[in-house]
Amino acid sequence: MIQQLLSRAYQNAKHIAIDKNSKLIFFSDCHRGDNSYADDFSHNKQVYFHALKTYFDDGFSYFELGDGDELWENRKFETIFDSHKNIYVLLKQFHDQKRLHMIYGNHDMVYRNPSYVERFLSSYFDVITGEQKPLFQGLKFYESIILNFDGYKKNILLIHGHQADFFNYALWKLSRFLVRFFWQPLQKVFGIKDPTSPAKNYKELIKVERRIKKWIINNDNQMVIAGHTHRPRFPEPNELPYFNDGSCVHPRAITGIEIENAEITLIKWHTTTHDDGTIQIVRTVLEGPEKLSDYLNL
């Protein structure tokens with residue numbers, strides 16, 4: 001069943017051509033919320049905004065690999081938008097320049113419905129002017145994307161990764177109900193996290209990774225970049241090509257994956273304090289860079 005879901009995601013993926021001049025940044029699992037105590041994204045929002053602005057100014061295309069918006073704990077996108085408006089205005093700039101590519105995950109599975117996206121994300125109400133203003137007009141969310149790298153027969157599959165997590169894929173509405181009415185109140189009152197999430201349950205995390213790796217082996221070492229587990233993964237060139245960009249809700253940092261100059265790199269953005277007491281947001285390389293060709297030639 002899981003292997004079939006992953007294969008279907010591959011077969012139905014949107015194809016995008018890239019080459020040695022392409023500059024791509026992959027983030028996932030932002031879980032942007034309402035800026036309340038339960039909003040895990042709130043403590044990293046300044047770091048995320050600075051990183052996003054840097055990538056925009058440097059000409060990168062932005063790929064969000066699912067769970068960008070926390071729509072299990074929050075019922076309306078409007079609430080999330082009002083809490084992080086500056087971020088969505090910046091994402092709109094990516095979209096207006098055709099540099100925004102979105103994949104839905106289990107926490108924003110409602111975005112697989114084009115009518116929902118059109119209704120709630122295409123415009124927003126400006127309280128200053130009292131008018132509706134355009135936002136993500138014509139934006140589409142995909143379950144999967146394939147990057148076709150010029151000159152190579154093999155390609156790169158982008159997914160959220162919940163396809164390898166039956167409870168959070170096929171039973172996502174039940175999972176949403178439990179999070180919204182059971183785990184979220186416990187988190188707010190007692191700080192208890194949802195144990196059904198692979199990001200908070202190590203055994204489930206390992207199961208998800210094992211299922212994706214099995215699919216990779218069964219499909220001629222197909223290169224995959226995913227999210228969902230929140231655990232960054234960056235294999236050596238001679239290892240199975242399963243990459244994970246981590247998440248934007250780590251306690252003190254956000255992690256992502258860059259592709260630039262036909263090389264792939266795992267990075268993190270975080271704050272650092274200097275001796276004079278000033279705080280700075282910096283980018284740190286965690287793994288790489290490695291040549292993409294080393295993974296596409298396996």
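Two strands count as paired here if DSSP finds at least two bridges between them. With that in hand, let's walk through this predicted model, starting at its open sheet of 7 strands, which has the order 7-4-3-2-12-13-14 and mixed pairing. At the edges lie strand 7 (141–142) and strand 14 (279–291), each pairing on one side only. Strand 14 runs antiparallel to strand 13 (residues 263–273), and 10 bridges join the two. Within this pair, Glu263 stands opposite Lys291 of strand 14.

Helix 2 (residues 45–57) packs on the sheet, where it touches strands 2, 3, 12, 13 and 14. Its direction makes about 135° with that of strand 13.

The largest nonpolar core has 57 residues, and Phe27, Tyr48, Tyr55, Tyr62, Leu91 and Tyr111 have the most contacts inside it. Helix 2 provides the largest share of this core, 6 residues. A second, separate core has 24 residues, including Leu24, Ile156, Leu266 and Leu296.

Finally, the charged pairs: the whole structure holds 11 salt bridges. One of them joins Glu260 and Lys23 at 3.9 Å, N to O, linking strand 12 to the loop between strand 1 (14–18) and strand 2, 237 residues apart. Glu260 is partly exposed at 27% relative accessibility, and Lys23 is partly exposed at 26%.

Asp69 and Arg32 also meet in a salt bridge, at 2.9 Å, N to O. Are these two buried or exposed? Asp69 counts as buried because its relative accessibility is 3%, and Arg32 is buried at 1%. Together with Glu64, Arg32 and Asp69 are linked in a network of salt bridges.

How values were computed:
Residues numbered from 1 in each chain as written. Predicted model: local features only at pLDDT ≥ 70, side-chain atom pairs only at ≥ 80, totals over all residues. Heavy atoms only, no water. Helix = DSSP H or I, 4+ residues; strand = E, 2+ residues; numbered from the N terminus. Contact = heavy atoms within 4.5 Å. Axes fitted to C-alpha atoms, helices over the stretch in contact; angles between N-to-C directions. Core = buried A, V, L, I, M, F, W, Y, C linked by side-chain atoms within 4.5 Å. Buried < 20%, exposed > 50% of the residue type's maximum accessible area, 1.4 Å probe, protein only. Salt bridge = Lys/Arg side-chain N within 4 Å of Asp/Glu carboxyl O.
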